[in-house]
Amino acid sequence: MPRHVVTDFLDWLDEWTLGVLVTWAVQPEWGSGVLTLEVPDLVAERLLGPASGLPCSPA
């Protein structure tokens, strides 16, 4: 009997990114899958950079 595994988007995030989400989340919009973060400039630069695996846009 085949098993279907449903993965959560959190499964593919690294520990640094998970820490950012937990630490600086200010407004989750669960229905649309949008999470607003208020982060320091250096963190924002990393999240918005090409190496980030998280789709982000500045407010």
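Phe 9 is partly exposed, because its relative accessible area is 46%, between the 20% limit for buried and the 50% limit for exposed. This value, like the others in this report, comes from a predicted model. In the chain, Phe 9 lies in the segment that precedes helix H1 (15-24).

Phe 9 also belongs to a nonpolar patch on the surface, which it forms with Leu 10 and Trp 12. Together, Phe 9, Leu 10 and Trp 12 have about 320 Å² of accessible area. The relative accessible area of 46% for Phe 9 is over the 30% that patch residues need.

## Fold and contacts

The protein contains 2 helices and 2 strands. Read from the N terminus, the order of these elements is α-β-β-α.

## Burial and surface

The protein has 59 residues, and 14% of them count as buried.

## Aromatic rings

What number of aromatic pairs does a search of the whole structure find? The search finds 0 such pairs.

The ring of Trp 16 has a charged group over it: the charged end of Arg 46 sits there, 3.8 Å from the ring centre.

How values were computed:
Residues are numbered from 1 along each chain as its sequence is written. This is a predicted model: local features need pLDDT of at least 70, side-chain atom pairs count only at pLDDT 80 or more; totals for chains, interfaces and linings use all residues. Side-chain values use heavy atoms; hydrogens and water are left out. Patches are made of residues with over 30% relative accessible area and no salt bridge: like charges are joined within 9 Å, nonpolar side chains (Val, Leu, Ile, Met, Phe, Trp, Tyr) within 5 Å. Accessible areas come from the Shrake-Rupley method with a 1.4 Å probe; for residues, only the protein chains shown count as cover. A salt bridge is a side-chain nitrogen of Lys or Arg within 4 Å of a carboxyl oxygen of Asp or Glu. Helices (H or I, at least four residues) and strands (E, at least two) are DSSP runs, numbered from the N terminus. Buried means under 20% relative accessible area, exposed over 50%, partly exposed in between (1.4 Å probe, protein chains only). Rings of Phe, Tyr and Trp (its six-membered ring) pair if their centres lie within 6.5 Å; planes under 30 degrees apart count as stacked, over 60 as edge-to-face and the rest as tilted. A charge sits over a ring if NZ of Lys or CZ of Arg is within 6 Å of the ring centre and within 35 degrees of the ring normal.
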